[in-house]
Amino acid sequence: MFGAIANGLTEVTGFLDGADCRSTIECFRRMGVEIDHSFGSDTVLVHGNGLHGLKESETTLDVGNSGTTTRLISGILSGQNFTSRLNGDESIQSRPMKRIMDPLTQMGADIKSEYNNGCAPLIISPSTLHGIHYNSPVASAQVKSCILLAGLYADGETSVTEPALSRDHTERMLRAFGADISTNQLTASIKPNPTLTGQKIKVSGDISSAAYFLAAGLIVPNSEITLRNVNINPTRAGIITVIKDMGGKIEFSNERLVSGEPVADLTVSSSSLHGTVIEGDIIPTLIDEIPIIAVLAAFASGKTIIRDAAELKVKESNRIDTVCQNLSLMGADISPTEDGMIIRGGNSLHGAFIKTHTDHRIAMSFAIAGLAADSDLTLDHPECVSISYPSFYDTIEKLKA
């Protein structure tokens, strides 16, 4: 996205060739941006059109299953001089977009839900944007990033204050591209109309993808796994804190900065885990990892309580319900709560028929649970992992070998 609205060439290496990323590429190609990427390649070249160089798409912009694409691109599209229609799959059409529509509307954006239900399809028409200071009711990097990107096209400074600090990848990368962006505790501010310049970006390993193999190394007997080049940005790496709190054996080595992000090699080994309490400001730093954390808790001794995670209800599936239902099928003692779950660990888990609701994080979490269960486990839609980790099962097979 940032390369598309920058001047010059942006080279991305370490690119994840997943469905969500391909949806983003296709959206910008439809708006006249030349993007070189061949199937399966980890390198992408983006020939930027500049901040005001996008063109109207002749067709609906299809975001697929990607909430990140939908929310971030809405900020960019709100500043364009043409009308855009955004839509995606069935899951996207039920995910809440009012959380970006409200602040964008406050900025003067003309953004509407086609069916007036606060969800996609979205229609975004030309308007004049004004800088605002938005107090976000949720700690969401997608909401924050949407507003900051719209702020590039506003008539004055735009600021977002969150109730807790969410992921700051957008702030770090926009700054690298040349945006005038500043942060002060829970507030991020951006000044409009910068000249963004293409960059060489090396993408470090996604800790959300690494999380499944961190878990596998902890719960499968006689395991030791080293994961190289993992992003350990503190606004993102809450699962590491939880692993330590649960007594997991995890070691850091080769810590360094890569394209402005902290990176390390992580080594985990089989551990006797115990329960913990997960709540408060740490939740935004591990919200996507809660399904696999629940799996860890089911294999741990004692009680684990997860609170302040009502956001799980509006992910690709209602992850509170899907996690509790599926772990219960495996024999776990788990209860849903209004904003999380309570897991009483220590039961022996067996295989089951897992309903993924085509949610990639549910599929991957229970594939890992199956490695430590005492009988075979079946996923109803295993292919949904292609959203974020197309080679997931290949990696599991390599580790088994």
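Is Cys-384 buried or exposed, and what is its relative accessibility? At 7% relative accessibility Cys-384 counts as buried, where buried means under 20% relative accessible area, exposed over 50% and partly exposed in between, computed with a 1.4 Å probe on protein chains only.

1. Basis of the note. The model is predicted, so that local features need pLDDT of at least 70 and side-chain atom pairs count only at pLDDT 80 or more, while totals for chains, interfaces and linings use all residues. Residues are numbered from 1 along each chain as its sequence is written, and side-chain values use heavy atoms, with hydrogens and water left out.

2. Cysteines. A search of the whole structure finds zero disulfides, a disulfide being a pair of cysteine sulfur atoms within 2.5 Å. The sulfur of Cys-21 has its closest cysteine sulfur in Cys-27, at 12 Å, which is too far for a bond. Cys-384 is likewise in no disulfide, since the nearest cysteine sulfur, that of Cys-21, is 16 Å away. Cys-21 counts as partly exposed because its relative accessibility is 24%.

3. Four strands form an open sheet with mixed pairing, in the order 8-9-11-10; strands (E, at least two residues) and helices (H or I, at least four residues) are DSSP runs numbered from the N terminus, and two strands pair if DSSP finds at least two bridges between them. Strand 8 (133-135) and strand 10 (181-184) stand at the edges with a single partner strand each, so one side of each is left without a neighbour in the sheet. Neighbouring strands of this sheet are turned by 15° against each other on average, direction ignored, with axes taken as lines fitted to C-alpha atoms (for helices over the stretch in contact) and angles running from 0 to 180 degrees between N-to-C directions.

4. Strands 10 and 11, and the helix across them. Strand 10 and strand 11 (residues 187-190) run antiparallel and are joined by four bridges, and Asn-184 has Thr-187 in strand 11 as its bridge partner. Helix 5 (residues 169-177) lies across strand 10 and strand 11, running at about 145° to strand 10.

5. Lys-144 and Glu-171 meet in one of them, at 2.7 Å from N to O; Lys-144 lies in helix 4 (residues 141-151) and Glu-171 in helix 5, so the pair ties together parts that are 27 residues apart in sequence. Both Lys-144 and Glu-171 are buried. Asp-288 forms a salt bridge with Arg-361, with the closest N and O atoms 4.0 Å apart, and this pair links the loop between strand 16 (277-278) and helix 8 (290-299), which holds Asp-288, to helix 10 (residues 360-372), which holds Arg-361, 73 residues apart. Asp-288 and Arg-361 are buried, and both belong to a network of salt bridges whose members include Arg-95, Arg-167, Lys-315 and Asp-359.

6. A salt bridge between partly exposed residues. Asp-333 and Arg-344 form a salt bridge with their closest N and O atoms 3.3 Å apart. Asp-333 counts as partly exposed at 32% relative accessibility, as does Arg-344 at 33%.

7. Helix 10. Of the 13 residues of helix 10, 10 are buried, so the helix is largely enclosed by the rest of the structure. The elements that cover the buried residues of helix 10 include helix 6 (207-219), helix 8, helix 9 and helix 11 (392-400), where contact means heavy atoms within 4.5 Å. At the start of helix 10, a side-chain oxygen of Asp-359 reaches to within 3.1 Å of the backbone nitrogen of Arg-361.

8. Two buried residues. Ile-320 lies in helix 9 (residues 319-329) and counts as buried at 1% relative accessibility. Leaving aside neighbours within four places in sequence, Ile-320 is in contact with residues including Ala-309, Leu-312, Pro-336 and Met-341. Ser-84, in strand 5 (residues 84-87), is buried with a relative accessible area of 6%, and Ser-84 touches Leu-61, Leu-77, Leu-122, Ile-123 and Ile-124, not counting residues up to four places away in sequence.

Definitions and conventions. A salt bridge is a side-chain nitrogen of Lys or Arg within 4 Å of a carboxyl oxygen of Asp or Glu. A polar contact is a pair of N or O atoms within 3.5 Å; within protein, one must be able to donate a hydrogen and the other to accept it, and residues adjacent in sequence count only if both atoms are side-chain atoms.
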